[in-house]
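Hello,

Here is the structure for you to look through. My notes on it follow below.

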Amino acid sequence: MAKTVEEIADAMFNMVKDAQGQKKLKPMDLTKAMVSIFGDEVDKKTCKLAIKQLIDSGKCVYTYFGGSYIELPHREGAAND
Amino acid sequence: MADNLPNTPMLDELEKGKWPSFVKEIKMAAKHGPMAADLLGQLEQSYNEKIGHWKHGGIVGVMGYGGGVIGRYSDLPQKFPNISHFHTMRINQPAGWFYTTKALRSICDIWEKRGSGLTNMHGSTGDIILLGTTTDQLEPTFTDLQGIDFDIGGSGSDLRTPSCCCGMARCEWACYDTMALTYDLTMHYQDELHRPAFPYKFKFKMSGCPNDCVASIARADMSIIGTWRDEIQVDQDAVREYADRGLDIQSDVISNCPSKCMEWDGKELHIDNSFCVRCMHCINVMPKALRPGKDRGATILIGSKAPIIEGAFLSSVLFPFIKIEPPYDMIKDTVDKMWDVWCEEGKNRERIGEFIQRVGLGNFLDAIEIDPVPEMVAHPRENPYVFYEEYYEED
Ligand code: HEM
Ligand code: HEM
Ligand code: SF4
Ligand code: SF4
């Protein structure tokens, strides 16, 4: 059965949450992980929509450290008051 | 000058001379708000100490967008509180950089209200660069800009704001409508522009002819450069008129032709178009007599970049000649296939040119389903061994 956007978004969110503070994940890392976990039940388009949902809902944010990553919203080390 | 300015003997040196001075401009901006004065103070300190005092922020942005805001913080926030936050915003410029004065004034008004008032028209990406604002002003600035139909541009691992020469709007040499293509690609790839999903940045730059006024051959992952495939149009009377008025056609035109495919007998100019490499030299020297041919399109090249991880690359040919006409399906299909393989196989922070170099052009062409043609050869091979496929034996 094909996974829904919501299911993928939840699985991605858990990955980002578990990795927070330890490893920065790129959108393609999330997509590849979904394909390796769910095989034929996901495609790249659904993954793209799931990422869109995570960002647009504010559950995750894009960050930039040489390249772009997806992380939980947080206060970064460099920030001044 | 405003009297809130810090003492900056080092910077003041840069106001001397006849050329424009960014110090003068920053001092002018200091009349409109407190950020520019602190900027001068910090910069003077940097010049004295030879140390930069900016920290990179990696997380600031506007809701839903992963690009277009470049986070900057001062590492001397106590001393220079007004530039404690000094984020840069990239704003998508109109194709060809055409504005009404009203649009320019509106942008400046917004930026004087929301940021430092300092701009860079335009950054090397092509965008309008708004320099210096605080985190809490990012969303309001974005809202204000949307109110006058401007959007944020690209940054990070996304499609960067496409940019082009002014092409057909002003230039008789444009071989295709650069502005129309730029606008079309910008609208078609909105997701890729705002939601970074690539291994690294990707840039399109469109030039209308081989003069390449946006230097796309050196600065774009995909360079789309106008050209023609028939013959240079020659007006022999106008050539003779150039000669009569003192142009030394032999030394200034013929001798500088890189493919040595022209002849001048004092009356007629002959061009062997089959050898012409479309360099534009002769046309640039005698614009009244020569012009590009009538069968116009573009050469598409891939892979140039400035030196960051690997050295600098120039783009190399992918399509020697294609017609550039809406809806540009041929370009979009190729781009989609290229992005697919690069996203799947590319390493973090590897530009597509570096990726092609790593996997080999042959494998890359296989993956995007394009047949090799001689024009793709950048230089003759150095490896003398040739293996023909029919010699391979299955074990
Ligand atoms: C002495 C003062 C400065 C000099 C000489 C300088 C020089 C440059 C040059 C040569 C470039 C690349 C060309 C371009 O993109 O147009 C650049 C880009 C940039 N600079 Fe500066 N810069 C100065 C101050 C600053 C400050 C104060 C900031 C912010 C705190 C800043 C932020 C940036 C950013 C974000 C870019 C990339 C702009 C783009 O998107 O093209 N610069 N700068
Ligand atoms: C004695 C008077 C003038 C002289 C000597 C002069 C000279 C020039 C020169 C040398 C250029 C650069 C050409 C190039 O691109 O190589 C130029 C560009 C230009 N001039 Fe003038 N100009 C004069 C008056 C004017 C006036 C009165 C106007 C408009 C009312 C005007 C509008 C322009 C424009 C729009 C450009 C093109 C700017 C661009 O490249 O974007 N000029 N002019
Ligand atoms: S690149 Fe060619 S067409 Fe475009 S502005 Fe320059 S000379 Fe004109
Ligand atoms: S365009 Fe360049 S290569 Fe072609 S004939 Fe003119 S000078 Fe020679």
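Helix H12 (residues 329-345) of chain B lies across E7, E8, strand E13 (296-302) and E14 of chain B, and runs at about 160° to E14(B). Helices (H or I, at least four residues) and strands (E, at least two) are DSSP runs, numbered from the N terminus. Angles run from 0 to 180 degrees between N-to-C directions, with axes fitted to C-alpha atoms, for helices over the stretch in contact (heavy atoms within 4.5 Å).

This is a predicted model: local features need pLDDT of at least 70, side-chain atom pairs count only at pLDDT 80 or more, and totals for chains, interfaces and linings use all residues. Residues are numbered from 1 along each chain as its sequence is written, chains are lettered from A and ligands numbered from 1 in the order in which they are written, and side-chain values use heavy atoms, leaving out hydrogens and water.

The open sheet has five strands in the order E6-E7-E8-E13-E14 (chain B), with mixed pairing; two strands pair if DSSP finds at least two bridges between them. Its edge strands are E6 (163-164) and E14 (316-322) of chain B. Helix H6 (178-188) of chain B packs on the sheet and touches E6, E7 and E8 of chain B.

Ligand 1 is surrounded by 15 residues (a heavy atom within 4 Å). H3(B) gives the largest share, three residues. Oxygen atoms of ligand 1 lie 2.3 Å from a polar side-chain atom of Arg90(B) and 3.0 Å from an N or O atom in the side chain of Ser124(B).

Regards

Note on methods
A polar contact is a pair of N or O atoms within 3.5 Å; within protein, one must be able to donate a hydrogen and the other to accept it, and residues adjacent in sequence count only if both atoms are side-chain atoms.
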